[in-house]
Amino acid sequence: MTLILAYYGISGKGWALFLTAIMLGLTVSSALHPVLLILMWIPVIALDMLALVPPLRKKLLTTPIMHAVKRVLPPLSQTEREALEAGTVCWDGELFSGVPQWKRLMDLPAPKLTPEEQAFLDGPVEQLCEMLDDWEITQNLHDLTPETWAFIKKNKFFGMIIPKRYGGLGFSAFAHSQVVMKIATRSVTAGVTVMVPNSLGPAELLMHYGTKEQQDHYLPRLATGEEVPCFALTGPKAGSDAGAIPDKGVVCMGMHNGEEVLGFRLRWTKRYITLSPVATVIGLAFKAYDPDNLLDPETRRHCHADEVVPPGADDDYAASGTDYVSTEGALGVTCALIPRDTAGVQVGARHMPIGAAFMNGPLWGEDVFIPLSYVIGGKDFIGKGWMMLMNALSVGRSISLPSLATGAGKLASLTTGAYARVREQFGVPIGYFEGVEEAMAPIAGLTYLMDSARKTTSNYVDLGEKPAVLSAILKYHNTEMMRSVMGHTMDVHAGRAVIKGPRNYIASVYKTIPISITVEGANILTRSLMIFGQGAIRCHPYLFEEMETATAGNVDGFDEAFFAHMNRNVQLVARALVHGLTGGALSETRNYEATDRFYRDINRFAAGFALIADFSLLLLGGELKRKEKLSARLGDCLSYLYLASTLLKRYQDDGRPVDDLPLVEWGMAHCMFNFQTAFYAITGNFPSRVLGWTVRKMVFPFGRTQKRPNDALEHRVVALMLEPSATRNRLVDGVYRNERPDDPTGRVEHAFLLKLKSKDEEKKVRSAIKAGEINAEVSLDELIQQVLEKDVLTPEEAQRYREAQMAADDAIKVDHFWPEEVDEFGTSEAASGTERDHALV
């Protein structure tokens, strides 16, 4: 009975009444010795007093606990506070509760495109993809063509998120994601070029925080590409620790348009800034200072460039620009929008990102004066830049790189399945070899998982959420899954993907993997510090409230949060134990027989995760942020629970097609196995080994029960890649796709379809060869002549067989280059095409 009550989470008052009822029963029945009864009544009465008399509880218990918590709370910097308060809580909060309410996720509408958005994908996006020649872009031009730049601007690709009233397209986050994903399957360079202005950039900040004048001036120009934006945040000494930017601005008077006005004297150094070489307007993050309180209109004085460096600083110190004003008058991070032609703005030469050619470079400013009107949001938003950036990142990080990574997975799934069916060894398509099958299954499985997470998260954005923690999960895991997918893709393609040339549709994407891993928060940092570090406080049902009320000395608020928290922990212990012993049999499902076990797994592990997370916070407190391995593994647990949940959401939204079940099952096995691995690593390295062992035994009483996808499941998944079907179409939906034999990806798809059409003919020829009726060690023309002479095939069948074999031969060829065709970047012109088949291998 006690376990049942704990499982369903009765309140403290409920526990007091329950124990009182038990004691009354024991007293009336005289089952116990009177002395023992008295001893047992003492703690029950004490509990009753504390539970049923709030003023007494608050005085004797709550207040001392609150003061103790306040003493051990780690101090939160303004940057940390703004990061924690950024964004909103979605399904991550349900998982952190340990008792996820599935209705809240499953009742969300499925993401879908409007007719206008679909028309844009079918029209301008398709046309743009057809214009893109990735080999020409990355190896010869090192840039998009002028025609491509003009097309992007004319069709408002830079204005997808800008509302229609400002001349933008006003697209949903899901449409934005679809566009970026499709373009990236054709060219990462073009994908990044389109992606950046629509994610973390001036448009996003202006839309939410800009003054009306700033919005009216810039948004129409940004939408049409008249203005090309970049945003400068990262610097040499502030990469992942962006809050440590050394770039500073001092409030002073200066000249602007022939008039003396109040503004900032700036000095900054930035690098890795995408679009900066071609940008006409620069978004800048800097730390603002007003040491003389000049923002007060009663005082004014002039500030010269040499005053930016503090008196007594040595030359190296001053030259470094590391800390060139005192912290007196610090206002906080501030965001400004600065025209490129502003005096003192310096735009450097280009960085050359590995494997891509998108515009990226350094920029700096020396003695740059800007008026206050350049501050995004105006005077009222001075010092609020970090909050602005965190909220913008929580949206942009949900869309940009996760979409690019998913596009890479879809491209890999499409082409690897086709290539593995076309490429033969020992007379058998390589996709039918178990060794190759083992490499192919993760390509499809992880792609389906990435796509499910992408759809669910972009849908949250469209519903008005700013999913800060979920965006970090997606950025880390989608890019890491892309790394795995592309590695397997290279393995299957082997030499076909190793040799450079215009025929190679894999190498360029493979080479750009480090870019996605590094930018928008390096993955090591994101996993080690951000996912759980932010989620533990942001998503926890009570922790942030406890911290706030303890800091404020609010006894009533702390009392309510703290004891609700303790009651929840009792419930979590019971749920973890019951779910562990029963495999989650008592937990909520959606009554879909094929997937009910997956809901039970997530419910079971959510309770275990919430319990171990609370114990981690209780034992380590502020020290947890320095226990990066532990924090990373806790983040892994949360991440795999979320990713698994998106699989079930996506499967429901798709109408639960039975043929897609292998992909769902593979993804669930992958997530649950990795959750188990992370959980064992947490409890095996827990500060209290006894407590770690105890919790592990609650959640996994029968040991490691979660297994990797088995061979039979892998076989079913790979079979979906090797045959045309509705499931294959759903898996690669959104990829740029064609069947043209002169196109890099179209060539292999063309051969794939022809080979499948000639399956019967191939069987007949193989049988004839095996029977010794014809000789296979001859040219294709001679082979065709033999099969016709021996009546193995009819003329029509022979033609079909010839076309399939020729297409397959063409699909597996690679480029080579003459010495004079090679330049310092790689190659100038590939010897390819029908007129130069001698140069193909």
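View 1. A disulfide is taken as a pair of cysteine sulfur atoms within 2.5 Å, and a search of the whole structure finds zero. Cys637 is likewise in no disulfide, the nearest cysteine sulfur being that of Cys671, 12 Å away. Cys539 is buried at 4% relative accessibility, and Cys637 is buried at 0%; buried means under 20% relative accessible area, exposed over 50% and partly exposed in between (1.4 Å probe, protein chains only). The model is predicted, with local features requiring pLDDT of at least 70 and side-chain atom pairs pLDDT 80 or more, while totals for chains, interfaces and linings use all residues. Residues are numbered from 1 along each chain as its sequence is written, and side-chain values use heavy atoms, without hydrogens and water.

View 2. Asp92 belongs to α6 (residues 91–97); helices (H or I, at least four residues) are DSSP runs numbered from the N terminus. The relative accessible area of Asp92 is 1%, which places this residue among the buried ones. A polar atom of the Asp92 side chain lies 2.7 Å from the backbone nitrogen of Cys90. Beyond its neighbours within four places in sequence, Asp92 is in contact (heavy atoms within 4.5 Å) with Val469, Leu470, Cys539 and Leu638.

View 3. Within α29 (residues 711–721), the buried residues are Leu713, Glu714, Val717, Val718, Leu720 and Met721. Seen down the helix axis, they fall within an arc of 150° and so line one face of α29; the arc is that of the directions from the helix axis to the C-beta atoms. Exposed Asp711 and Ala712 are carried on the face turned away from this buried side. The cover over the buried residues of α29 includes α16 (385–422), α17 (434–462), α27 (661–684), α30 (726–731) and α31 (744–757). At the start of α29, a side-chain oxygen of Asn710 comes to within 3.2 Å of the backbone nitrogen of Ala712.

**View 4. The lining of the largest cavity.** The space in the largest cavity is about 50 Å³. A cavity is a set of points on a 1 Å grid over the protein atoms alone where a 1.4 Å probe fits but cannot get out, and lining residues have an atom within 4 Å of a point. Of the 10 lining residues, Met390, Ser394, Arg397, Ala468 and Gln534 lie nearest the centre. α16 gives the most to this lining, with four residues.

Key:
Helices (H or I, at least four residues) and strands (E, at least two) are DSSP runs, numbered from the N terminus. A polar contact is a pair of N or O atoms within 3.5 Å; within protein, one must be able to donate a hydrogen and the other to accept it, and residues adjacent in sequence count only if both atoms are side-chain atoms. On a 1 Å grid over the protein atoms alone, a cavity is a set of points where a 1.4 Å probe fits but cannot get out, and a pocket is an open set with protein on both sides within 12 Å along at least five of seven lines; lining residues have an atom within 4 Å of a point. Grid points are joined across faces, edges and corners, and a volume is the space filled by probe spheres set on the points.
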